[in-house]
Each structure stands twice: as structure tokens, then as C-alpha cells.
Amino acid sequence: MKMKIPFVNRDPLVNVVRLQGAITTAGRGLDDPSLAAVLQKAFTKGKPKAVALQINCPGGSPVQSSLIAARIRRLSQEHDVPVIAFVEDVAASGGYWLACAADEIYADVGSLIGSIGVISAGFGFHDLIDRYGVERRVHTAGTSKSMLDPFRPEKPEDVQKLEGWLTDLHEIFIDYVKSRREALLDDDPAIFSGEVWIGRKAQDKGLIDGIGHLIPVMKAIHGDDVKFRRYGPKKSLFARLGARIMGDAIASIEDRTAFARFGL
């Protein structure tokens, strides 16, 4: 009779966290507060050999991208657990920032990778409200409080300030990517231009380490007996019953808009 002793010769475990959707500040997509407990469990439950990130993310908030990536790195170092990222349709902009938190990045041959840049987009409605005789009333204390008001014509000095902010954020993004992958990156300035590459071309640029999918890559590293355990944020009872239908609808629109930039 074969006796099985608990905690002895256990099969290797890989904990999996799915990072799906746009990175937001409103709690409707990926953000640091909603992922904090999920990531904590992924790095600590069951003594994992690695944490795998399944990424399908078109980007979003640069600050939330930075916070999530920093949390992943901190937990990896504290618990001595390596991190492997697996890109699905897209890891662009903030999504690539998250991928760079991993020690290795793999993708599908058709995955979209990169978009290392920063964007600000909006609308101007001043002609519209003039046409309909709408009077805009704004009172401020501070000359910059109504900067880039969409109901007023753009001011060149406001646009200059915005471009300065975008440049600063872009430099922060570039510095982070270089801190994680500089030795692997191709010597091509286009890497930091906001350009996107697909699959093997992304590998040629050094943006990813290889072409591969989660299960076969993890089996190649840890053997055929490797086990997988998945972690993700849990919805409340009210959310499951539809109390957040409007919020979910807005989140869906935001996600579709973000993914649509990459033809997805």
C-alpha cells in the first residue's frame, strides 16, 4: 500500500493571475486596490514555484500601471517567487508596463506588443454651445484652474503645459522599461515612439523573450506534473445580482474603446 504523506514531494505549483481589460482609476477595470489582495494570495498561497500573469490589456492610467507593477515586483522579491508574463491579444502602453514587471515575457505569434508612449485625448465643445446659445459660467481662484476646459477654445500655453506633462510621463515609462529590459532591447529609437509590434517582431526588438503559451511553457520549466491555481478579484453578491449593471456597462464601453485602438 502506498502512503501519501502531506507536504512531501508535492507537485510544483504555479499560481495564475489574469490581468484583463483597461487600467482605470475608477475601480471598474484593473487598478491597484482591487488587485492588492489577489496578488498577495498569488504569491503566498501554496508555496508557488512561480506566478504567471495572463495579460490582455490595452493600457490606461499610468499611475495605476506603475502601482500594480511595483506591487508585483515587491511581492516577487519578498517571497522569492519568479514572475512570468503571458500576453494574449495585446499588452500595449500600460499593459506592456505590467508585462515588464515579469522576469520573462512570452506572447502568441499574433499578440500586439509595445505602444510605449503617452496619450491625452478629448473633445472641444465651445462652437457647439455657442451655436445653441448656451452660456458657460466658470469662476476660479487660480489662473490655471480652468485649464483645457472643453467648453472654451484651447489656449496655446495650456497645450504647452499638457505636452510637458505627457513628455514627463513618457520619460518615466521609458525609464521603467529600460530598468527591466535594457540589456535585451534592440538599439532602435522606434521602440519608444509608441509603435506596436506583433509576435516575433516584438521578440526581435527585445520587447518579449519568446513565443509561447502558459501551460506548455510552465510544463517545460517545471515538468508535466505542474499544477495551476487561478486567482482573481471576486465580485460581491450585489454585483453578481446586477446592482452594478450601469457601472459594468460603462466599463464595457471603456474597454471596447481602449481595445479598438488596436483593431480588437
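Colleague: Quick one on arginine 73: buried or exposed?

Modeller: Arginine 73 is buried, because its relative accessible area is 13%. Buried means under 20% relative accessible area, exposed means over 50%, and partly exposed is what lies in between, using a 1.4 Å probe and protein chains only. One caution: this is a predicted model, where local features need pLDDT of at least 70 and side-chain atom pairs count only at pLDDT 80 or more, while totals for chains, interfaces and linings use all residues. Also, residues are numbered from 1 along each chain as its sequence is written, and side-chain values use heavy atoms, with hydrogens and water left out.

Colleague: OK. Where is the place of arginine 73?

Modeller: Arginine 73 sits in helix H2. Helices (H or I, at least four residues) and strands (E, at least two) are DSSP runs, numbered from the N terminus.

Colleague: And which residues is arginine 73 in contact with, leaving aside neighbours within four places in sequence?

Modeller: With those neighbours set aside, arginine 73 contacts Val83, Ala101, Asp103, Tyr176 and Arg180. Contact here means heavy atoms within 4.5 Å. The C-alpha atoms of arginine 73 and alanine 102 are 7.7 Å apart, though 29 residues separate the two along the chain.

Colleague: Zooming out, how many helices and strands are there in the protein chain?

Modeller: The protein chain has 9 helices and 8 strands. Of its 264 residues, 39% are buried. If you take contacts between residues at least 6 apart in sequence, 73% of them join residues at least 24 apart.

Colleague: What about rings? How many aromatic pairs does the count come to?

Modeller: The count is 3 aromatic pairs. The rule is that rings of Phe, Tyr and Trp (its six-membered ring) pair if their centres lie within 6.5 Å; planes under 30 degrees apart are stacked, over 60 edge-to-face, and the rest tilted. One of the pairs is phenylalanine 86 with tyrosine 106, which is stacked, at 5.7 Å centre to centre and 20° between the planes.

Colleague: Which parts does that pair tie together?

Modeller: Phenylalanine 86 is in strand E3 (residues 83-92) and tyrosine 106 in strand E4 (residues 104-107), so the pair ties together parts 20 residues apart in sequence. Both phenylalanine 86 and tyrosine 106 are buried.

Colleague: Why is the pair of tryptophan 97 and tyrosine 176 stacked?

Modeller: The pair counts as stacked because the ring centres of tryptophan 97 and tyrosine 176 are 5.6 Å apart and their planes are at 25°. Tryptophan 97 belongs to helix H3 (residues 94-99) and tyrosine 176 to helix H5 (residues 156-181), so to speak distant parts of the chain, 79 residues apart. Tryptophan 97 and tyrosine 176 are both buried. There's a cluster here too: ring pairs link Trp97, Phe173 and Tyr176.

Colleague: Nice. How many residues has the largest nonpolar core?

Modeller: The largest nonpolar core has 45 residues, and Leu53, Ile55, Tyr96, Ile116 and Leu207 are those with the most contacts inside it. By core I mean a set of buried Ala, Val, Leu, Ile, Met, Phe, Trp, Tyr and Cys residues joined through side-chain atoms within 4.5 Å. Elements that each supply at least two residues of this core include strand E1 (13-20), helix H1 (32-44) and strand E2 (50-57). H1 gives the largest share, 5 residues. Apart from this core lies another of 11 residues, among them Val16, Tyr106, Val217 and Met218.

Colleague: Switching to glycine 206: where is it found?

Modeller: Glycine 206 is in the loop between helix H6 (199-204) and strand E7 (210-211). Its relative accessibility is 5%, so glycine 206 counts as buried. Not counting residues up to four places away in sequence, glycine 206 touches Arg181, Leu184 and Leu185.

Colleague: Last topic: what volume has the largest cavity?

Modeller: About 70 Å³, and the structure holds 1 cavity of 30 Å³ or more. A cavity is a set of points, on a 1 Å grid over the protein atoms alone, where a 1.4 Å probe fits but cannot get out, and lining residues have an atom within 4 Å of a point. Grid points are joined across faces, edges and corners, and the volume is the space filled by probe spheres set on the points.

Colleague: Which residues line the largest cavity?

Modeller: The lining is Ser146, Leu148, Asp149, Arg152, Pro153, Glu154, Lys155 and Asp158. Arginine 152 is in the loop between helix H4 (126-131) and H5, and it counts as partly exposed because its relative accessibility is 33%.

Definitions and conventions. On a 1 Å grid over the protein atoms alone, a cavity is a set of points where a 1.4 Å probe fits but cannot get out, and a pocket is an open set with protein on both sides within 12 Å along at least five of seven lines; lining residues have an atom within 4 Å of a point.
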